[in-house]
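This briefing is about how one protein chain is divided and how part of it is built. Please look through the sequence and the model before reading on.

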Amino acid sequence: MTVSLVKFDDSLDSLRKAIELCQGFEKLNSHDRVLIKPNNCFRHKIMPPYGMVTTSKIIDGVVQLLLEYGCKDISIGEGAIIGIFDELEPYTKQGFKGTGIDKVAEKYGIKLIDFNEGDFHELDLGGVKVKVSRAALDTDFLINVPVLKTHFQAKVSLGFKNLKGCLSKDSKKRFHISKRLDTLICLLNEAIKSDLVIIDGIYMLEKGPETLVGVAHRKDLIIASPDIFECDVVGAAILGIDPAQVDYLREFAQRHNRSFDISAIQIKGEDIESLKEQLEWRFEPDKEILTPAKITGLSAPYPGQTLCSACGATLALALSIFGKDNPGMDFGGAALYYGLGLKSERDTQKVFLYGDCAIRSNKGLKNAIRIEGCPPTLTKTLLALMKALLNKPRMFRMLLLRAIKLIGIRLGIYQEVFPRWERYRSKEFDKTHFS
Ligand code: SF4
């Protein structure tokens, strides 16, 4: 099969060309039920969306081309993982609103599906039982539209990983706590087949998957192919990550006798060599979030693969807020443990066990501070940090300020901005790609 590489020039024609070059609609029948699966996994009203979630610009273009083709039964589906400020509205709905995909659906009269709400079909993936959206399994033609991004656990998050969004919330967690993330991503892609993958590379994200830590760059690229393996191999290579070092791709290659030899892939359009970047995927949360705020004496080491994105994103936000409100402070050797993989050697009031997994993994500790939840809420996390690490006057000041800001955010009159987000004010980041 063919992988197309096309420079995105803000026109529908660039998307059309990408699909035509790889014959992406060759197997599409206009009577098919078509499901578009963007990567809209985080609710991100306050977070810069660049490189983190699929643009509504590309989704709008895909819908237009499907309508031109004569398709009538088109849906867009996603199962978002988490809210940010402990909101009541369903996360997926917030996510669609946050990217502008809700407006695309409204404009063309297309159905939006929240995978979190079911129906589900139970699958056995190598002995691990998971629930997968029936809508994803039952569709005739699945268009998988991920973003061009790195991932701090899986190295890249492209077509293969995007299908994790089709799982129920509990099954997403099971992917991590089973300690078989890569195998399960591989097996999931055997159960759900993508008929066409279109990697939205208008932006790409370094140190992904989200923009609390990750850094987005403008790329203006579309990568498309009916072959998800080849598409992800090319995408990873462009990000500067050796696809053979991405465990789920390696596992898939072994199971299906596929090769990582890029010179054997038929690539049409741009020259891949000129597009290759060198992006970093791995990061230590404390170094990325706390060090820039000049905070010392509070560590949050790399958690490995057993941390769900839900826990990871909430903790990253909590640390970002805590760092912003307490710059330059020294917390004298406090440490946060999270996920299933990290064990504390110390048992003191300066050790935080963040989330039910960390509590389970460190059962023997009596003095450590437990932040319960799966994942813990942002409010609970911030309160635990404030109570243990700040003196009373400082804690009350932070509480008061946070309460005022939270009300402002809920009313839509205040926007939280972290220093690392300043870069998104530049012209290269175009809000209209998400409106
Ligand atoms: S506690 Fe966190 S890491 Fe563990 S299953 Fe729940 S969300 Fe995932």
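In what order do the 4 strands of the open sheet lie, and is their pairing parallel or antiparallel? The order is β13-β14-β15-β16, and the pairing is parallel. This is a predicted model, in which local features need pLDDT of at least 70 and side-chain atom pairs count only at pLDDT 80 or more, while totals for chains, interfaces and linings use all residues. Residues are numbered from 1 along each chain as its sequence is written.

**The sheet**

- Strands (E, at least two residues) and helices (H or I, at least four residues) are DSSP runs, numbered from the N terminus.
- Two strands pair if DSSP finds at least two bridges between them.
- β13 (296-299) and β16 (369-371) are the edge strands, each pairing on one side only.
- On average, neighbouring strands of the sheet are turned by 20° against each other, direction ignored.
- β15 (residues 351-354) pairs with β16 in the parallel sense over 3 bridges.
- F352 stands opposite I369 in β16.

**The helix across it**

- Helix α15 (residues 378-389) lies across β14 (330-338), β15 and β16.
- The helix runs at about 165° to β16; axes are lines fitted to C-alpha atoms, for helices over the stretch in contact, and angles run from 0 to 180 degrees between N-to-C directions.

**The two domains**

- The chain is divided into domain 1 (2-280) and domain 2 (285-421), with bounds from an automatic or database domain assignment.
- The contact takes 21 residues from domain 1 and 25 residues from domain 2; residues are in contact if their C-beta atoms, placed from the backbone, lie within 7 Å.
- Helix α7 (residues 169-177) gives the most to the domain 1 side, with 4 residues.

Notes: Two residues are in contact if their C-beta atoms, placed from the backbone, lie within 7 Å.
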